[in-house]
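Welcome! Take a moment to look over the sequence and the structure below, then read on for a short tour.

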Amino acid sequence: DSHVQYERVGADVTMKCGSMDWDAAVTWMTNGTDIDESHQNGSYLILKKVNLTQSGQYSCYEGSSWHLKYQTSLRVGMPPKEPVLMCRSNNYPKGFYCSWHLPTPTYIPNFFNISVVHGTREMVCEKDTFPKNRCHIRYLQLFSTVKYKVTLTVTNALGKNSTTLTFDEVAIVKPDPPESVVAKPVPNNPRRLEVSWQNPSSWPDPESFPLKFFLRYRPLILDQWQHVELSDGTSHTITDAYAGKEYIIQVAAKDNDIGTWSDWSVAVHATPWTEEPKHLTTEAQITETTSASTSSFMPPPTTKICDKGAVLGSGAVAVCWTAGLVLAAYGVLFI
Amino acid sequence: MAAADSPSATLRRRDLCSRGIRLAGKMRSDVIDLLDTYVERQGLDASASVAVVEGVPAAAVEHWDEQSGTQRLLENLAAYRTFRTLLAQMLEEQREQLGEADAGLGRALAAVLLQVSAFAYHLEELLRLESRGAPSEEEAGPPQPLHLGLFERKLRGLGVLRELAQWAVRSARDLRQLAKPSLGSSSALSTAESP
């Protein structure tokens, strides 16, 4: 017969060798290794103040015949501490979900039971397939002033614990953050950034249950955020950006009437439009371009060429020149 | 119901709904402020649980999303007419109980009563637009006497205001449903006729 034996960390454990008498000659082994006789009292195995590393298979063999007389799996663990329970509605008015976890591991299997009561009515919390420590409930009533009471009980072989949450329908409403946040410069506007986003896809009916939004933005070089609250629409133009500075932007959402703000969205970065650097030549620049023959580089006379993507590094200069004038200069210098 | 579906009627409905939503929002905000004042002045615990109060229209509803526009309007109107009576009663009791000692609470109650009356009238307008007409009010006699002690009356008042705050949220949602272009209140006449 194989058994499982659960014991608390720090406990003293006594294992009997099945039905063998106390004075029978036996040998105890764990995970294929003999256990020293000093841990035996007669045929009993004594383990003092067990720790987690002592979990494993323990076997007892009759002294002379080496017949296996008893086997047990020792699982050292802890009774559960008070579980952490959270309930939230990110899909109002459809329903809400509750999720839970233990603050510290028990190292042995735990079983969770959740009960949800609304007034006198018991409701079923349907377990999610993933993640496993979560279940969801559909609202049967809306606009109720009666509170919901959710009790989570966790049980294992060494004990049990529970926690209860009581809340009303609106207190737990918290949308997911807005999605697809995009920030773009506005052409010819060095102080503007156009930001747009979408309602979180988990919010089922934004038309009947509209969301409002909170936008925050700052240049990377500063710590202070600017904030704007927007009661409708899913776009906004920032008009006071510092020219040429890269910005970080985030958006949060909240139901117009109830609940709390979502977490901040994923941050996006954008830099306002900057004017192209004008006609700019240096001797160094002219020297760099001598290797190209003038015949192989003949832009149309009226074209302005500007290497917009040029990285400004030490010594390099972004070039933007009117073709006719510079070619004439080349002709003078290098023919 | 052809008139209710005309473009001008649709625009008028949408306009009334928008204004109604704003009214409901303001009313809710004022009721929440009133709740704080009421709890403080009446010496109550803000987290006190109040059992279902008889005679107070409960905002809670099942299958809310399946209601027709007319049903929404009728339920809202019945509720606000009842709140009008309940608030008038509370105002009277408050004056008897505290007299001039708490004119602030009295003024706040009166202000909310005014908004409730205005909102009820607004709902009547919407019903008229639906060519339904507002149902006549049940006899507007004196409210039935409540044989409650002082503390029970205070708790009842708390229940009234909490439920009213919830109704204000529901009303805004109801009006948004009503304002949706695909759902005219002329569709699917409710079988729930006026009381």
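## The layout of chain B

Along its sequence, chain B runs in the order α-β-α-α-α; helices (H or I, at least four residues) and strands (E, at least two) are DSSP runs, numbered from the N terminus. This is a predicted model, in which local features need pLDDT of at least 70, side-chain atom pairs count only at pLDDT 80 or more, and totals for chains, interfaces and linings use all residues. Residues are numbered from 1 along each chain as its sequence is written, chains are lettered from A and ligands numbered from 1 in the order in which they are written, and side-chain values use heavy atoms, leaving out hydrogens and water.

Helix α1 of chain B covers residues 7–41 and reaches 50 Å from its first C-alpha to its last, close to the expected 51 Å. That expected span is 1.5 Å times one less than the number of residues. After α1(B) comes B:G43, with a positive phi near 65°.

## A salt-bridge network

What links B:R12, B:D15, B:R19, B:E125 and B:R128? They are joined in a network of salt bridges, each being a side-chain nitrogen of Lys or Arg within 4 Å of a carboxyl oxygen of Asp or Glu. In one of these pairs, B:R19 and B:D15, the closest N and O atoms are 3.5 Å apart. Because B:R19 and B:D15 are four residues apart in helix α1 of chain B, about one helical turn separates them.

B:R19 is partly exposed at 34% relative accessibility, and B:D15 is partly exposed at 35%. Here buried means under 20% relative accessible area, exposed over 50%, and partly exposed in between (1.4 Å probe, protein chains only).

## Inside the cores

Now look at the largest nonpolar core, which has 94 residues. Such a core is a set of buried Ala, Val, Leu, Ile, Met, Phe, Trp, Tyr and Cys residues joined through side-chain atoms within 4.5 Å. A:F96, A:L215, A:I249 and B:Y80 touch the most other members. Domain 2 (84–171) and domain 3 (179–270) of chain A both contribute residues, so the core lies between them; the domain bounds come from an automatic or database domain assignment.

Apart from this core lies another, of 15 residues, including A:C17 and A:C60.

## Where the chains meet

In all, 17 residues of chain A are in contact with 18 residues of chain B, contact meaning heavy atoms within 4.5 Å. Five salt bridges are counted between the two chains. B:R173 and A:D255 form a salt bridge, with their closest N and O atoms 3.0 Å apart.
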